[in-house]
Amino acid sequence: MSSKPFRHLVPLAVLATGIAAMAVAQVPAPTVAVAPAQNAVAPAVAIMPPGGAPRSFADLTARLAPSVVNVSTTQKVEVGRMRRGPGQPGGNPLEELFRRFQEQQDGGEPVTREATSLGSGFIIAADGYIVTNNHVISAGQGRDQPVESITVTLSDRREYKARVVGRDPLTDLAVLKIEATGLPYVQFGNSEQIRVGEWAIAIGNPFGLGGTVTAGIVSALHRDIGSGQYDRYIQTDASINQGNSGGPLFDLNGNVIGINTAIFSPTGGNVGLGFAIPAELAKPVVEQLKASGGVKRGYMGVAIQRLSPDIADGLGLPKDKGEIVANVEPNGPAARAGIRQGDVLLSVSGREVDYDNSLSYLVATTPINTTVPIVLLRDGKRLTVTATIAQRPAESVVNARAGLPTEEDETPAADDVKVPGIEAAKASLGITLQPLTPVLRQQLRLDEKVQGVVVAGISPSSDAATKGLQRGDVIVKIGQKPVTSPAEAAAAVEAERKAGRDTVLMLVQRGNTPPTYRGIKLIPAKPAK
């Protein structure tokens, strides 16, 4: 007999009736209350931010964001040439076939591609004047060449072609113009009144992400980051990234207190170290660019250096007060006022020269043709002279007057030059000196006006090596005294040691570039046996 897999079959109707009966017989489970979400009910007392801090930046952002624009540029850059010279390694037969075909088509012309860059800017007038950074709209290694085209995109996505009204590489500022009317715009505030710790808002287009708003505080003022002679940046921790350049930094009143320009970053992204050109520097430059396309600023005709700790030690002066004159332009305003190389300038027209106010900034912001008193320190004595501020010439003229070469001079080796044995200088400084002979002058390609002693050798462990002195450098002065022979140099060093100084101030010239001061620590004298 065959097996029966389902021995007890129940009709569907009966099964359904049974299940229903069981459902009726079951006792319902008690209802469990569900707790409300943690943020379902607003707090009884509104949580307020610390005193002076805004509850939100939303209203301020809505008012300011329409004035901020995206600035994009286009230019052609050379990426290489297709032609490969004879005998050069390269490729397989197929690649060689393609190469020959390409050369027939373009004759070995440079291969170029269209490169674009993005930055930010902000509108300062309803009729379309826009401020941005010069490096945003400039090309070339020195950022001194205009780009081919500039497009400005407004917050409502309208696009306009822009033209350059004027640009100033020294402050990295530029003014653009688009043909439009009735645009939203913003004004400059007074950055001289802001304090470290106040709120700051940055609006811009980092990485092309338009209308990005970040907030932070003013971290420091008058920062010198080594980008130029007019450095006095506002430092902020408001997030600034690539593409923010040229965008505004606002205070809580909605005034532009700075123009975001640079960041310090080991990775290329924001690490909380952003820098903005302060309004006190930018506003007068922008006004001149808008009015005339150029900038006029004061000029004295001196090359100066900050009083670094080693230079200050060499002069026996406190650091961070004043700047030392490294070079004076012949027949310039400073020369006519009687200012000399080695003078320490302490104030201009009653304004102190210090870390916050460099001489370059004070002179540049002084009206042209103004006669001002200048307080200086010479040979330990405080003097006052008067100088008439001139107009700064074009940078090419300034460089020519300073003797800056167009190409870097090569310094020949001095191995074949006989060096008189001046053991005193070597023992005190770790430097071997030799006279500046006509043959050596020709080898070093020095101007006839350059006088001094030549560095023929340097001990690697000496402070002179640490401070960057090289063979072929010319020491013009030691302790503010001109030296023309190794013997004079040794005597000047010994005089400084007897005066109780452990650092010697030297005026050093390299090639035909302007001389600079270095503070070199003396090697402790060995006790007599």
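This is a working chat about a predicted model of one protein.

Colleague: How many helices and strands does the protein have?
Modeller: There are twelve helices and 29 strands. Keep in mind that the model is predicted.

Colleague: And what share of the residues is buried?
Modeller: Of the 529 residues in the protein, 42% are buried.

Colleague: What about contacts between residues at least 6 apart in sequence?
Modeller: Among those contacts, 61% join residues at least 24 apart.

Colleague: Which strands close into a barrel?
Modeller: Six strands do, in the order 10-11-12-15-14-13, and their pairing is antiparallel. The twist from one strand to the next averages 45°.

Colleague: Take strand 10 and strand 11. How many bridges do they pair over?
Modeller: Six bridges, in the antiparallel sense, between strand 10 at residues 199–204 and strand 11 at residues 212–223. In that pair, G204 of the protein stands opposite T212 in strand 11.

Colleague: Which strands does helix 4 lie across?
Modeller: Helix 4, residues 279–292, lies across strand 11, strand 14 and strand 15. The helix runs at about 50° to strand 15.

Colleague: What length does helix 4 reach?
Modeller: Its 14 residues reach 19 Å from the first C-alpha to the last, close to the 20 Å expected at 1.5 Å a residue.

Colleague: Which residues of helix 4 are buried?
Modeller: A279, E280, L281, A282, V285, V286 and L289. Just after helix 4 comes G293, with a positive phi of about 85°.

Colleague: Changing topic. Where is T171?
Modeller: T171 sits in the loop between strand 8 (163–168) and strand 9 (173–177).

Colleague: Buried or exposed?
Modeller: T171 is buried, because its relative accessible area is 5% and the cut-off for buried is under 20%.

Colleague: What does T171 touch?
Modeller: Leaving out residues up to four places away in sequence, T171 touches Y230, I277, L281, V285 and R297. L281 and V285 are also among the buried residues of helix 4.

Colleague: Now helix 12. Which of its residues are buried?
Modeller: In helix 12, P486, A489, A490, A492, V493 and E496 are buried. They cover an arc of only 160° around the axis, so they lie on the same side of helix 12.

Colleague: Why would residues three or four places apart point the same way?
Modeller: Because an α-helix has 3.6 residues a turn.

Colleague: What do the buried residues of helix 12 pack against?
Modeller: They pack against helix 5, helix 9, strand 24, strand 25, strand 26 and strand 28.

Colleague: How many residues are in helix 12, and what follows the helix?
Modeller: Helix 12 covers residues 486–498, which is 13 residues. From first C-alpha to last, helix 12 reaches 18 Å, close to the 18 Å expected at 1.5 Å a residue. Helix 12 is followed by G500, whose phi is positive, near 90°.

Colleague: You listed strand 25 there. Why is strand 25 largely enclosed by the rest of the structure?
Modeller: Because five of its six residues are buried.

Colleague: Which strands are joined to strand 25 by bridges?
Modeller: Strand 24 is one of them, paired with strand 25 in the antiparallel sense over five bridges. There, T432 stands opposite G457 in strand 25. Strand 26 is another, joined to strand 25 by two bridges and also antiparallel. In that pair, V453 stands opposite I475 in strand 26.

Technical notes
Residues numbered from 1 in each chain as written. Predicted model: local features only at pLDDT ≥ 70, side-chain atom pairs only at ≥ 80, totals over all residues. Heavy atoms only, no water. Pairing = 2+ DSSP bridges. Helix = DSSP H or I, 4+ residues; strand = E, 2+ residues; numbered from the N terminus. Axes fitted to C-alpha atoms, helices over the stretch in contact; angles between N-to-C directions. Contact = heavy atoms within 4.5 Å. Expected span 1.5 Å × (residues − 1). Buried < 20%, exposed > 50% of the residue type's maximum accessible area, 1.4 Å probe, protein only. Arc of directions from axis to C-beta.
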